[in-house]
Amino acid sequence: MNFIALESEQKLRGGYYTPSDLARFLTRWIAPNSRTRVLEPSCGDGAFFPTLEGSDATVTAFELSPEEAAKASARGLPNCTIHNRDFLGWALDAEPGQFDAVVGNPPFIRYQYLPAEFQANAERVFTRLGCKFTKHTNAWVPFILACMDLLRPSGRLAMVVPSEIVHVMHAQSLRTYLGQQCRRMVIVDPQEIWFEGTLQGAVLLMAEKKATPETHGEGLGILRVSGREFLLEDPEAVFNAPRAINGKTVQGKWTRALVPAATLAILDAVEADDRFCRFSDAATVDVGIVTGANKFFLVTDEVVKHNGLEKWTHPMFGRSDHCPGVIYDDAQHARNAATGKPTNFLWMPDTSVEKSAKGRAYIAAGEREDLHKRYKCRIRSPWYTVPSVYATEVGMLKRSHDTPRLILNRAGAYTTDTAYRIRALRGTADALVYGFYNSLTALSAELEGRHYGGGVLELVPSEIEKLLLPSPDSIVPEVESLDRMVREDTVADTLEAQSEAVLGALTKAEQMDLLAAWATLRDRRHRLPT
């Protein structure tokens, strides 16, 4: 959970300024001249202004901060009007199609951190353009939507945007809209972090609007770069360099544009083959137990013994270090407990716990920390009775470093909302767990999931349901063997061995193709050298 009081002033303002070499590169691509009407929707202190000098372009710029607007004005850019006001509010009343080019670096601010007026304007932008709105959005999304609407046919948009534009769910409306509006889009995707002091990855978005609604759209191309040598090249050559993909690429997440065409062909063939299925055909997915105060409800053996809570204690797992393999059994639970991990879930389903002096004391200790005032706790009566408590044969951690795993829950342990509860619909739980670990499903997880700073892969239930895997009906599971490999071997070696075991419908070459594509996306997420 992120709280506004804990965030820095820079983050709340979204103020990450563009390095001059990136600004020059983007400005060279829009090729401003004396007839060009340029929009800079969030100019900050005017980082793009030096690159616009000498072009005699007419520049319309916006900056909400009076201090930053004054710095931008002090740069003395000719033919430039700086508006010290909210860009989105202005854009909603502006005439569409009035600019030849848009250049800049929109603010990276979470929706919940925006003032109420700006939140309302963001939602109005989505509504005006017929895009699906979500309160999980970030300020840069409506900024780009509004900018594209203000761009004339054949106009160009060149912006520094978060790398999550490729995959994050809240940008799906933007990806779809750009696919409809643009003749060609290119993402310049760096291996490095461009903004010092932050884990926020950034990319360059270069988009050319269609000349007419009937103009053929080439789709999206992604150019992977290392270092900054590409900034010395002709921007037009960079724009035309990557192979563009249409269809599914622009309809969904743009991660498919990172995968070679031959690999996409394998995936398309798998989708049409009844020896494979989507996860939703093989199993159900539900979130884990939501406690509202994990430190109170998830405790070590020592806390249980000290407070006399044995009567209400149940085994649980919810972190990657709880599950080093793919089997969670009594032996693994004992190993976790022996190392002092919080392996116990306290379930007090009714008020009978208050008949115990130690139970009352533990509840009172929680109330002294105001846990009963937390939202998830205060909407329950009594606050310590956690709802929806049940275990399933299979679990899955929400986040993973290399690739997600299903966990065979032989201990009947509970899971918190850091994990999912899964029930097999086809085949057995053992077959589902065993068949899930392979190069096809690992690549599918990279394509469907999302990641943020730090490179951890995260999947929500709707994304898990889309994963491709071999049909569990035909799997002969050897879960103990897989458990040993996951614990002892490298991820790549285990995926290769498992692919041979469960992807017999594919050739060895196809299995290795999928494995190579997974490694590329995993390394990109980790920002490892290519």
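Predicted model: local features only at pLDDT ≥ 70, side-chain atom pairs only at ≥ 80, totals over all residues.
Rolling a probe the size of a water molecule over the atoms shows where empty space is left. In this model the search returns 4 cavities of 30 Å³ or more. The largest cavity has a volume of about 60 Å³, and its lining is made up of His167, Thr255, Leu258, Glu446, Gly449, His451, Leu521, Arg524 and Arg525. Sorted by class, these lining residues comprise 2 nonpolar, 4 polar and 3 charged residues. Helix H23, spanning residues 508-526, gives the largest share of this lining, with 3 residues.

The second largest cavity holds about 50 Å³ of space. Around this second cavity sit Ala91, Leu92, Val125, Arg128, Leu129, Ala146, Asp149 and Leu150. The lining here has 6 nonpolar and 2 charged residues, and no polar ones. Three helices each supply at least two of the lining residues, namely H5 (87-93), H6 (116-128) and H7 (140-150). Of the contributors to this second lining, H7 gives the most, with 3 residues.

Attention can now turn to the aromatic side chains. The structure holds 19 aromatic pairs. One of the pairs joins phenylalanine 297 and tryptophan 383 in an edge-to-face arrangement, with 6.4 Å from centre to centre and 70 degrees between the planes. This pair links distant parts of the chain, 86 residues apart: phenylalanine 297 belongs to helix H13 (residues 294-297), while tryptophan 383 lies in the loop between helix H17 (375-378) and strand S15 (394-397). Both partners are shielded from solvent by the accessibility criterion: phenylalanine 297 counts as buried because its relative accessibility is 0%, and tryptophan 383 counts as buried because its value is 8%.

Glycine 292 is found in the loop between strand S10 (283-287) and H13. With a relative accessibility of 26%, glycine 292 counts as partly exposed.

Elsewhere, Phe62, Phe87, Trp90, Phe99 and Phe143 form one aromatic cluster.

The cysteines give a simple result. A disulfide is a covalent bond between the sulfur atoms of two cysteines. The model holds 0 disulfides. For cysteine 182, the closest cysteine sulfur is that of cysteine 131, and the two atoms are too far apart for a bond because 12 Å separates them, whereas a disulfide requires sulfur atoms within 2.5 Å. Cysteine 182 is buried, at 2% relative accessibility, and cysteine 377 is also buried, at 0%.

Burial can be followed at the level of a whole helix as well. Helix H18, residues 429-436, is largely enclosed by the rest of the structure, because 7 of its 8 residues are buried. Those buried residues are Ala429, Ala431, Leu432, Val433, Tyr434, Gly435 and Phe436. A buried residue also occurs in a loop: proline 107, between strand S4 (99-104) and H6, has a relative accessible area of 11% and is therefore counted as buried. The C-alpha of proline 107 is 6.1 Å from that of alanine 139, a residue 32 positions away along the chain.

Finally, several backbone sites deserve a look. Most residues other than glycine have a negative phi, and most peptide bonds are trans. In this model, serine 381 and proline 382 are joined by a cis peptide bond with omega of about -10 degrees. Proline 382 sits in the loop between H17 and S15, and serine 388 is placed in the loop between H17 and S15 too. Serine 388 has a positive phi near 55 degrees and counts as partly exposed, at 44% relative accessibility. Another positive phi, of about 60 degrees, occurs at aspartate 56, which is not a glycine. Aspartate 56 lies in the loop between helix H3 (49-52) and strand S2 (58-62), and with a relative accessibility of 46% this aspartate is partly exposed.

How values were computed:
Residues numbered from 1 in each chain as written. Heavy atoms only, no water. Buried < 20%, exposed > 50% of the residue type's maximum accessible area, 1.4 Å probe, protein only. 1 Å grid on protein atoms, 1.4 Å probe; cavity = no way out; pocket = protein on both sides within 12 Å on 5 of 7 lines; lining within 4 Å. Points joined across faces, edges and corners; volume = space filled by probe spheres on them. Helix = DSSP H or I, 4+ residues; strand = E, 2+ residues; numbered from the N terminus. Nonpolar A, V, L, I, M, F, W, Y, C, P; charged D, E, K, R; others polar. Phe/Tyr/Trp six-rings, centres within 6.5 Å; stacked < 30°, edge-to-face > 60°.
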